[in-house]
Amino acid sequence: MKLKINIPDTLNDITLAQYAEFDKINVEGNQDTVFLMQKTVEIFCRVNLDLTLQIKYKDLVDITQHIYSLLDSSPELTTLFKIDDIEYGFIPKLDDITLGEYIDLDNYLGRWEDMDKAMSVLFRPVTYRKGERYLIEDYDGSKYAGVMQYAPLGVVIGAMLFFWNLKNELLDHSLSFLKKEMGENLTTEQLKTLEVDGVGISQSLHSLQEILKDLKISQNSMQSNV
């Protein structure tokens, strides 16, 4: 019997839900290389685990190596994408982000288990579009978190990388500017406030950086076992 396998060609052929399931595998603590390869094919190629036994070992290795190479990519920010024929758009103008959006995004973006909620802050259905210009629905909490489970992984990682770089730049520029402008006029209380705010932003950045690092570590650890 021939087994039909749908192998993802790009990172966008993988969903957020699939990677979330993959992320739950205790890679470093599991030394069963064959089982890890079976789980990789089961999750990303949507093949029942028992059916992976029918795949040639060489082919199993090739498929898993291909998937790991996809996970090792660093995609650019994607501003528009579709799920079930509904187009979702990235916040068109970040300067106009509301306090509620900022607070929720800051809370969700640093935790992989909340990435669907973070995506529902960043992307919402497009209500108007003309060429590359568009408008999206007003923010209404994590209304679209369930839908965002099916967001392409390339879109998710692209958004994560974009915000990690953006917040890193903002942190450096903001602290440098404030210290330069206020200089010797800084009171002890103001200096403490700057330090506390800086630590808070740095912790948020660290959480996001750890998620991106874990994604690389997960696939590299499994690849080294093959």
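I'll start with the ground rules, then take the helix pairs in turn.

So, this is a predicted model: local features need pLDDT of at least 70, side-chain atom pairs count only at pLDDT 80 or more, and totals for chains, interfaces and linings use all residues. Numbering runs from 1 along each chain as its sequence is written, and side-chain values use heavy atoms, with hydrogens and water left out.

First pair: H1, residues 16-23, and H2, residues 33-45, have axes that come within 9 Å and cross at roughly 160°. Axes here are lines fitted to C-alpha atoms, for helices over the stretch in contact, with angles from 0 to 180 degrees between N-to-C directions. Helices are DSSP runs of H or I, at least four residues, numbered from the N terminus. H1 and H2 are therefore roughly antiparallel, a label for angles over 145 degrees. Who touches whom? Gln 18, Tyr 19, Glu 21 and Phe 22 in H1 meet Thr 40, Ile 43 and Phe 44 in H2, where contact means heavy atoms within 4.5 Å.

Next, H2 against H3, residues 57-71: those axes come within 10 Å and cross at roughly 65°. On the H2 side, the contact includes Val 34, Met 37 and Val 41, and on the H3 side, Leu 60, Ile 63 and Ile 67 are among the residues involved.

Finally, confidence: mean pLDDT, the predictor's per-residue confidence from 0 to 100, is 79 for the chain, and 70% of residues reach 70 or more. Over residues 194-205, though, pLDDT stays under 50. Where pLDDT is low, the predicted coordinates should not be read in detail.

Conventions:
Helix = DSSP H or I, 4+ residues; strand = E, 2+ residues; numbered from the N terminus. Parallel < 35°, antiparallel > 145°, perpendicular 65-115°, else oblique.
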